[in-house]
Amino acid sequence: MATTPLPAYGQVKAFIKKRISTGTWKPGDPVPSEAVLMEQFGVSRMTVNRALRELMGEGLVTRVQGSGTFVAELHRISSTLTIRDIHEEVAERGHVHTSRVLLAESEKAGADLARTLGLRPGARVFHTILIHLENGVPIQYEDRYVNPAAAPDYLKTDFTQTTPTHHLLEHAPLTEASYSIEACLPSAREARHLDIKPGEACLVMTRRTVSGGNIASLARLVYPGSRYSFEGKFQA
């Protein structure tokens, strides 16, 4: 079945959306002027205007009178305190989730980590560090240790295609979890990979999950405070 070509305004929209979703254009970056887009696509001002109006309606760009069009800033994101796949959270907002894998290896557990995971000191554990991005903007630094007994194929997973949380929910079904949340400053490494200043406050969640008879994982999740917030509800 042949693919129907996009209408002219749709081609302009697709071009801009791709630049935003891949992170080529960051929040606050200027979008090419109407004149530049008209020349690039060989279309009328009315066509470019329609594309920009629809992108503004979708919350992807903002138009400032006399200044031009800019990639929209990400608003603070609210997440209920449930264990969810961050890929699904981002997709529900109509945005694009991507991830960068900084580390994926097996290593020996020190005494404190072994005690937390219910293992003997020196036991092998899986260790991954990822950066999760929304429309190209880093929103989470994930530093996770996993008990091989709970998820033996963990390191065989391509974490650019699926998330550690998704893998664990599928292969080590959750039976119990505990967490703590605190505000603190990021390490130099965390700040660099989150693309924030070292003095910018972050929200840090430390979460331990249990699957059946095994402590499955221990994760330290760092969120820039300006881009993420937690909320929850309680009913007696």
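Student: How much space lies in the second largest cavity?

Tutor: Rolling a probe the size of a water molecule over the atoms shows where empty space is left. Here the second largest cavity holds about 110 Å³. A cavity is a set of points on a 1 Å grid over the protein atoms alone, where a 1.4 Å probe fits but cannot get out; lining residues have an atom within 4 Å of a point. Its volume is the space filled by probe spheres set on the points, which are joined across faces, edges and corners. Two cavities of 30 Å³ or more exist in the structure.

Student: What should I know about the model itself?

Tutor: It is predicted: local features need pLDDT of at least 70, side-chain atom pairs count only at pLDDT 80 or more, and totals for chains, interfaces and linings use all residues. Numbering runs from 1 along each chain as its sequence is written, and side-chain values use heavy atoms, with hydrogens and water left out.

Student: Which residues line the second largest cavity nearest its centre?

Tutor: L168, L169, L174, T209 and S217, out of 13 lining residues. Two or more lining residues come from each of α6 (164-171), β8 (202-211) and β9 (214-224). The largest share, four residues, belongs to β8. By class, the lining has seven nonpolar, four polar and two charged residues. Ala, Val, Leu, Ile, Met, Phe, Trp, Tyr, Cys and Pro count as nonpolar, Asp, Glu, Lys and Arg as charged, and the others, Gly among them, as polar.

Student: How many helices and strands are in the chain?

Tutor: Seven helices and 10 strands. These are DSSP runs numbered from the N terminus: helices are H or I with at least four residues, strands E with at least two. Of the chain's 236 residues, 41% are buried. Buried means under 20% relative accessible area, with a 1.4 Å probe and protein chains only. The C-alpha trace spans about 70 × 50 × 40 Å along its principal axes.

Student: Which residues of α1 are buried?

Tutor: An α-helix has 3.6 residues a turn, so residues three or four places apart point the same way. In α1 the buried ones are G10, V12, K13, F15, I16 and I20. Their cover includes α2 (34-41), α3 (45-57), β1 (61-64) and β2 (68-71). Helix α1 itself runs over residues 8-21. After α1 comes G23, with a positive phi near 85°.

Student: Is E142 buried or exposed?

Tutor: Buried, because its relative accessibility is 2%. E142 sits in strand β6 (residues 137-146). Its side chain makes a polar contact of 2.7 Å with that of H132. A polar contact is a pair of N or O atoms within 3.5 Å; within protein, one must be able to donate a hydrogen and the other to accept it, and residues adjacent in sequence count only if both atoms are side-chain atoms.

Student: Which side chain does E134 pair with?

Tutor: The side chain of R93, in a polar contact at 3.1 Å. E134 lies in strand β5 (residues 124-134). E134 counts as buried because its relative accessible area is 1%. G94 is 40 residues from E134 in sequence, and 10.0 Å from it, C-alpha to C-alpha.

Student: Where does T163 lie?

Tutor: In the loop between β6 and α6. T163 is buried, at 4% relative accessible area. Its side chain makes a polar contact with the D85 side chain at 2.7 Å. A polar atom of the T163 side chain also lies 3.0 Å from the backbone nitrogen of H166. Leaving out residues up to four places away in sequence, T163 touches D85, I86, H87, H97 and H132. Contact here means heavy atoms within 4.5 Å.

Notes
The expected span of a helix is 1.5 Å times one less than its number of residues. Buried means under 20% relative accessible area, exposed over 50%, partly exposed in between (1.4 Å probe, protein chains only). On a 1 Å grid over the protein atoms alone, a cavity is a set of points where a 1.4 Å probe fits but cannot get out, and a pocket is an open set with protein on both sides within 12 Å along at least five of seven lines; lining residues have an atom within 4 Å of a point.
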